[in-house]
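The following exercises concern one protein model and are to be worked with the sequence and the structure in view. Each task is followed by a solution in steps.

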Amino acid sequence: MKFGLRYCNTGPYIDAARAVELVQAAEEAGFESAWTVQHTVIPENHASRYPYSPDGRLFGNVFDFPRPDPLIWIAYVAARTSRIRFGTGVLILPQLSPVVTAKQVATLDFMSQGRVLLGIGVGWLREEFEAIGASFHDRAARTDEYVAVMRSLWSEERPSFQGEFIQFDGAYCRPRPADGTVPIHVGGHSKAAARRAGRLGDGFFPARGRPEPLVHLARETAEACGRDPSAIEVSLSCPRDLNEIKKIDADRVLIPVDDRPDMAAPARTPEEVLAWRSRIEDFADA
């Protein structure tokens, strides 16, 4: 089992020096990865319901809560580390140009020597899409197509694509990712997200708890699509009771770096991250 940190580009770790301290401590402690989160803007009077809280609102005072761009944050700290991988949990893909994103992610992966894990999601905040000028109603269809676009640009010698939203012919995109592609982890806490992970994801990243039915659905969908269900890498949040780690159906457990009402065992400082070294060793064979 692998261990990662989540929500790393938040709170005190928007400060460059502290961000470096955090990921260097994580690398030293044996963490496999550090994950980021994305919102470009959060309109104050949004009517869209946040799907992960009872009242449909984001936790705390989020409107004046800095969230550095995940890819730029990763690029900065990746340059100061050598082994730890970096994930986006998640990049809201239909808000972005898949061609530009493919170039940015491939460059980051190439220069970090293959250390990028691209977590993607469809998004939920309609007002954010509107502020960006992105289409909200067809975001699910765009997400599926955008994944295909990026993989084409990463892996094909002379990529061409003719889709509903994106078209190009012989569009060279260099450099390629270090290993020829970048693993795509589908985030989300819904049946649609689980099915998407099964259809086209390299991994599945549910947002909360121990969602065994969703994990089962992702693997069931993969098998129905002629894919190897065991190849879908599952990343779950750390349970409150650490003894439960050995019981969860996951390939990776993510430890939050901030206190959340629905998560446990935060690693708030580099010192607390280093203290996890022995726990990682205890559960590594779970």
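**Exercise 1.** Which residue stands opposite Ile 120 in β5?

*Solution.* The structure is a predicted model, in which local features need pLDDT of at least 70, side-chain atom pairs count only at pLDDT 80 or more, and totals for chains, interfaces and linings use all residues. Residues are numbered from 1 along each chain as its sequence is written, and side-chain values use heavy atoms, with hydrogens and water left out.

Step 1. Helices (H or I, at least four residues) and strands (E, at least two) are DSSP runs, numbered from the N terminus. Two strands pair if DSSP finds at least two bridges between them.

Step 2. Strand β4 (residues 91-92) pairs with β5 in the parallel sense over two bridges. The residue opposite Ile 120 is Leu 91.

Step 3. From β4 the chain passes through helix α3 (residues 98-111) to β5, a β-α-β crossover that is right-handed; that is, with the strands pointing away from the viewer, the path from the first strand over the helix to the second runs clockwise.

**Exercise 2.** Identify the other pairing partners of β5.

*Solution.* Step 1. Strand β3 (residues 85-88) also pairs with β5 in the parallel sense, over two bridges; here Phe 86 stands opposite Val 116.

Step 2. Strand β8 (residues 184-187) runs parallel to β5 and is joined to it by three bridges. In this pair, His 185 of β8 stands opposite Gly 119.

**Exercise 3.** Are the residues of strand β5 buried or exposed?

*Solution.* Step 1. Buried means under 20% relative accessible area, exposed over 50%, and partly exposed in between (1.4 Å probe, protein chains only).

Step 2. In a regular strand the side chains alternate between the two faces of the sheet.

Step 3. On one side of β5, Val 116, Leu 118 and Ile 120 are buried, and on the other Leu 117, Gly 119 and Gly 121 are buried, so both faces are covered.

Step 4. Because six of the six residues of β5 (residues 116-121) are buried, the strand is largely enclosed by the rest of the structure.

**Exercise 4.** Describe the setting of Thr 221.

*Solution.* Step 1. Thr 221 lies in helix α7 (residues 212-224).

Step 2. With a relative accessible area of 13%, Thr 221 is buried.

Step 3. Leaving aside residues up to four places away in sequence, Thr 221 touches Arg 195, Gly 198 and Arg 199, where contact means heavy atoms within 4.5 Å.
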